Amino acid sequence: RHTLTLSAHIITTVTAGLQSGAVNVPAGFEKEDSIHKTLDNLGLELKDVKTNMAERMQEAGVVCSGDYKKDGTGRDLFGYVGIEAVLDQMRRKAMKTGFEFNIMVVGESGLGKSTLVNTLFKSKVSRKSCTPNFTEKIPRTVELQTISHVIEEKGVKMNLTVIDTPGFGDQINNENCWEPIVKYINEQYEKYLREEININRKKRIPDTRVHCCVYFVPPTGHWLRPLDIEFMNRLDKIVNIVPVIAKADTLTLDERRDFKQRIRQDLRNYSINVYPQTEFDEDPEDKLLNDTVREKIPFAVVGTDQEHQVNGKKILGRKTKWGIIEVENGAHCEFANLRDLLIRSHLQDLKDVTHKIHYETYRVRRLNESNGISKGLPKGNNLTVKEDVENNL
Amino acid sequence: MSTEKAKFPDVTGYVGFANLPNQVHRKSVKKGFEFTLMVVGESGLGKSTLINSLFLTDLYPERYVPGAAEKIERTVQIEASTVEIEERGVKLRLTVVDTPGYGDAINSQDCFRPIIQYIDNQFERYLHDESGLNRRHIVDNRVHCCFYFISPFGHGLKPLDVEFMKTIHSKVNIVPVIAKADTLTLRERERLKRRILDEITEHGIRIYQLPDADSDEDEEFKEQTMILKASVPFAVIGSNQLIEVKGKKIRGRLYPWGVVEVENPEHNDFLKLRTMLVTHMQDLQEVTQDLHYENFRSERLKRVGRDVEDETVDKDKILLQKEAELRRMQEMIAQMQAQMRMKPADNGDGH
């Protein structure tokens with residue numbers, strides 16, 4: 001049984017193989033039910049994807065059937081190569097090495113960041129739960145604090161790092177409060193870059209880069225605030241931003257819908273590119289999947305670590321005098337959608353975009369800087385990347 | 001003789017001035033009451049909805065909520081809207097002073113200045129009217145009470161809250177209010193209230209203290225006052241939508257998980273806030289007059305006195321300076337004259 005994130009890629013790789021005429025479709029392929037699950041989670045149906053594939057195969061001139069037909073050249077089309085097995089091997093390797101995931105949470109104090117992270121990963125991974133004698137005092141400047149844990153599920157290990165940003169947006173004067181955050185993100189890219197250009201580099205470069213930045217918007221119900229816009233404008237080009245509406249139990253469904261519309265309008269007006277970014281959709285299937293997500297963001301979430309009994313079942317919720325807000329109930333809030341996006345369907349994609357796009361942008365910029373320096377242009381940092389490379393040589 | 005006896009009961013020692021309160025009552029009812037309420041808090045905390053719910057009016061009929069771009073450009077505005085409310089023959093002229101833009105900017109360091117200026121201006125105007133010749137119709141536009149909205153999302157007071165309240169507690173009666181209280185469970189609400197009260201004491205902020213009930217009031221009133229005092233700061237929810245619950249139409253908010261009733265004391269402190277305001281309106285006006293206005297007045301008058309002294313001191317200094325200058329000029333002229341006298345002598349002599 002393949003992992004869910006890899007299923008989306010099966011479609012693309014096999015279709016590519018079909019177009020080049022290299023492979024016939026194995027008979028059991030249509031019964032791939034893990035694809036169903038991925039698509040179900042995101043509200044799509046397999047038949048949409050299938051019709052796409054069928055058209056592609058027709059174009060490629062390949063017949064898909066259980067029969068073993070011979071084509072004109074006399075070559076036997078029954079050739080099950082066994083590409084599937086590669087996926088199994090990848091799976092086993094991945095399980096042995098484990099995954100790394102670095103998530104940053106940004107927002108004013110009291111918006112439920114720590115609680116949400118705990119709820120997402122169903123463990124006490126936040127700064128609040130892990131610091132002894134934790135007091136909720138607002139620090140004078142923005143400090144970044146990282147906590148790492150190894151969590152395990154069904155034999156799959158994940159090294160999860162949560163980067164918290166207490167003090168963001170809490171002061172009277174919040175100008176430049178995003179600078180420590182930008183600095184941190186770039187420092188992680190720098191660390192990775194240095195390791196990469198080393199001659200004797202490690203087999204697995206430790207990845208401390210921020211894969212995802214969850215930005216908490218307070219549920220005012222009006223528009224985005226100047227601080228929100230400033231922050232997201234500066235960070236959408238260096239990290240994947242996922243905006244969420246925090247403590248959404250204060251908005252009725254109508255207010256929630258209007259608020260989301262206004263936020264999306266603001267994002268468009270200020271050209272803020274949040275995750276999933278439209279320009280990184282690799283193909284129409286991706287686009288379809290991501291478009292459904294884009295219509296629903298920002299997700300209105302509620303977090304809690306308390307369980308209550310409802311109809312004989314134990315569920316996570318917040319109990320008030322007028323009812324119980326069930327966190328994992330799609331009719332109450334969109335926590336489940338956020339969890340599915342971040343963990344169940346797009347976790348690998350978040351890492352890929354960070355590595356292939358944000359990190360590459362940083363790398364190109366740094367290497368150009370050092371090229372510029374060698375041509376006598378003014379310096380950016382103290383020690384340049386190119387000098388490092390030359391020193392190593 | 002007998003008719004007089006019928007009017008005034010023939011109890012020994014009864015003069016009849018016990019009737020005075022009724023006369024005052026009748027006069028005030030005729031005159032009507034004035035009350036100015038200021039509302040301060042970040043945008044999005046439900047201030048307008050709450051004010052509309054409190055007075056069962058629509059003070060903001062065509063409300064336009066500005067987007068971020070406009071917020072970046074603006075400073076804090078002061079908007080005063082007046083409405084006349086009548087209930088059982090008693091007229092209330094209510095002015096609500098709104099402060100849009102407060103706390104919206106990235107840098108909110110200057111956001112209290114317009115507010116303080118407004119309050120001082122009202123005091124100034126009253127002082128001027130009071131010192132004037134025609135004192136018949138002094139309009140009292142002084143701010144009698146300030147509802148300060150605290151966000152329920154934080155863990156207590158924010159730095160901006162503390163700074164603002166410290167600046168303004170000597171000028172106006174502050175009533176802290178926890179907004180959008182439907183986001184808090186009961187336990188969270190108690191914790192937040194305690195935290196806020198602790199921080200208020202810690203920073204030496206003086207909020208409006210409800211007066212204790214007099215000993216001659218009835219037990220019910222005394223108990224009500226005690227309950228009110230214990231509930232500060234009030235955690236409120238506002239709504240203008242009517243929802244049908246168990247056959248009755250009530251004000252509330254409809255969620256997928258239940259209905260929050262605005263006027264249900266188990267759900268929030270809205271009724272307590274309204275009771276407090278209504279029963280203590282007179283006291284709020286008195287404290288404004290006796291404490292805050294007197295403070296302002298003495299400061300102002302002291303300052304005027306100091307200004308006059310400063311001026312006379314300056315005048316002396318200026319005189320001295322002028323004299324010194326004159327002397328210098330005279331010396332210079334004398335020198336030049338001496339030089340000129342010497343020169344022609346030289347030329348003439350030819351040495």
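Me: Let's start with helix α8 of chain A, residues 226–235. Is it largely enclosed or open?

Reply: Largely enclosed by the rest of the structure, because 7 of its 10 residues are buried. Keep in mind that this is a predicted model.

Me: Which residues of α8(A) are the buried ones?

Reply: They are A:Pro226, A:Leu227, A:Asp228, A:Ile229, A:Phe231, A:Met232 and A:Leu235.

Me: And A:His222, where is that?

Reply: A:His222 sits in the loop between β4 (212–217) and α8 of chain A.

Me: Buried or exposed?

Reply: A:His222 is buried: its relative accessible area is 15%, and the cut-off for buried is under 20%.

Me: How many bridges join β5 to β6 in chain A, and are they parallel or antiparallel?

Reply: There are 2 bridges between β5(A), residues 241–245, and β6(A), and the two strands run parallel. In that pairing, A:Ile245 stands opposite A:Ala300.

Me: What about β7 of chain A, which strand is it joined to?

Reply: β7(A) is joined by 4 bridges to β8(A), residues 313–320, and the two run antiparallel. A:Val310 has A:Lys313 as its bridge partner in β8(A). The two strands form a hairpin with 2 residues between them, and A:Asn311 in the turn has a positive phi of about 50 degrees.

Me: Which residues are on the covered face of β7(A), and which on the uncovered one?

Reply: A:His308 and A:Val310 are on the covered face, while A:Glu307 and A:Gln309 are on the uncovered one. In a regular strand, side chains alternate between the two faces of the sheet.

Me: Switching to charges: which residues form the positive surface patch?

Reply: A:Arg92, A:Lys93, A:Lys96 and A:Lys203 form it. A:Arg92 belongs to helix α4(A), residues 84–97, and counts as exposed at 56% relative accessibility.

Me: And what gathers in the patch of negative charge?

Reply: That surface patch brings together B:Asp214, B:Asp216, B:Glu217, B:Asp218, B:Glu220 and B:Glu223. B:Asp214 lies in the loop between α7 (186–202) and α8 (219–230) of chain B, and is partly exposed, with a relative accessible area of 47%.

How values were computed. Residues are numbered from 1 along each chain as its sequence is written. Chains are lettered from A and ligands numbered from 1 in the order in which they are written. This is a predicted model: local features need pLDDT of at least 70, side-chain atom pairs count only at pLDDT 80 or more; totals for chains, interfaces and linings use all residues. Side-chain values use heavy atoms; hydrogens and water are left out. Patches are made of residues with over 30% relative accessible area and no salt bridge: like charges are joined within 9 Å, nonpolar side chains (Val, Leu, Ile, Met, Phe, Trp, Tyr) within 5 Å. Accessible areas come from the Shrake-Rupley method with a 1.4 Å probe; for residues, only the protein chains shown count as cover. A salt bridge is a side-chain nitrogen of Lys or Arg within 4 Å of a carboxyl oxygen of Asp or Glu. Lys and Arg count as positive and Asp and Glu as negative; His and the chain ends are not counted. The place of a charge is taken as NZ of Lys, CZ of Arg, CG of Asp or CD of Glu. Buried means under 20% relative accessible area, exposed over 50%, partly exposed in between (1.4 Å probe, protein chains only). Two strands pair if DSSP finds at least two bridges between them.
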